[in-house]
Amino acid sequence: MTLPYDEYNKFKTLNEDIKLVPDKYGVYDMEFINGDLHNVTGLESLYNACVLIIMTRYQELTSNKTYNSFGCRVHELIKDNKSKMLLYKLEVYIEEVLKSMRRVKNVNEIIITETGAYEYNVHFNITSITDETIMGDVLL
């Protein structure tokens, strides 16, 4: 769903994107409605951008100079043993990458909870450059 025209103008600095939806395993994919891509704008677009940057490995997109340092370092921790230090590193890496986004004004809160043997639910709360606050969840 796209925003009405006046809402679109208010949030146009947050860009437009293809809607991503997670399945029950936390794997994100594009959403189609009636065989067509579902676009999102405003805060939904910002949420998509946050999910994309967290779920992309750091420097995975080095073939494109624009995205040389794109991505999050949480994937470096994939084989680390569970510990308080691991949870701390996850939080630091996610906060670092969210703060690096030009559309994010402030990272208000990051909560990481263990949901399985080596699964973590990441809840974040950020303020966008339009002074609107969004909250999102990512399953790592």
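The following conversation goes through how terms are applied to one predicted model.

Colleague: What should I know about the numbering and the model before we start?

Modeller: Residues are numbered from 1 along each chain as its sequence is written, and side-chain values use heavy atoms, with hydrogens and water left out. The model is predicted, so local features need pLDDT of at least 70 and side-chain atom pairs count only at pLDDT 80 or more, while totals for chains, interfaces and linings use all residues.

Colleague: How many helices and strands are in the chain, and what makes a stretch count as one or the other?

Modeller: The chain has 3 helices and 9 strands. Both are DSSP runs numbered from the N terminus: a helix is H or I with at least four residues, a strand is E with at least two. Along the sequence the pattern reads α-β-β-β-β-β-β-α-α-β-β-β.

Colleague: Why is H2 called oblique to H3?

Modeller: The axes of helix H2 (residues 42–55) and helix H3 (residues 84–99) come within 10 Å and cross at roughly 130 degrees. Axes are lines fitted to C-alpha atoms, for helices over the stretch in contact, and angles run from 0 to 180 degrees between N-to-C directions. Under 35 degrees counts as roughly parallel, over 145 as roughly antiparallel, 65 to 115 as roughly perpendicular, and the rest as oblique. H2 is therefore oblique to H3.

Colleague: Is the crossing of H2 and H3 left-handed or right-handed?

Modeller: The crossing is right-handed.

Colleague: Which residues make the contact, and how do they divide by type?

Modeller: H2 contributes Cys50, Ile53 and Ile54, and H3 contributes Ile94, Val97 and Leu98; contact means heavy atoms within 4.5 Å. They divide into 6 nonpolar, no polar and no charged. Ala, Val, Leu, Ile, Met, Phe, Trp, Tyr, Cys and Pro count as nonpolar, Asp, Glu, Lys and Arg as charged, and the others, Gly among them, as polar.

Colleague: What span does H2 have against the expected one?

Modeller: H2 has 14 residues and reaches 20 Å from first C-alpha to last, close to the 20 Å expected. The expected span is 1.5 Å times one less than the number of residues.

Colleague: Why does Ile94 count as buried?

Modeller: Ile94, in helix H3, is at 0% relative accessibility and therefore counts as buried. Buried means under 20% relative accessible area, exposed over 50%, and partly exposed in between (1.4 Å probe, protein chains only). In H2, the buried residues include Cys50, Ile53 and Ile54. Over the chain, buried residues make up 34% of the 140 residues.

Colleague: Why is Leu87 called partly exposed?

Modeller: Leu87 is also placed in helix H3, and at 23% relative accessibility it counts as partly exposed. Not counting residues up to four places away in sequence, Leu87 touches Ile112, Glu114 and Tyr120.

Colleague: What are the classes of Val40 and Lys105?

Modeller: Val40, in strand E6 (residues 39–41), counts as buried at 1%. Lys105, in strand E7 (residues 104–114), counts as exposed at 52%. Lys105 and Thr127 are 5.5 Å apart, C-alpha to C-alpha, and 22 residues apart in sequence.

Colleague: What makes Asn34 worth a remark?

Modeller: Asn34 has a positive phi of about 55 degrees although it is not a glycine. Most residues other than glycine have a negative phi. Asn34 lies in the loop between strand E4 (32–33) and strand E5 (36–37), and at a relative accessible area of 81% Asn34 is exposed.

Notes
A crossing is left-handed if the near helix is turned anticlockwise from the far one by less than a right angle, and right-handed if clockwise.
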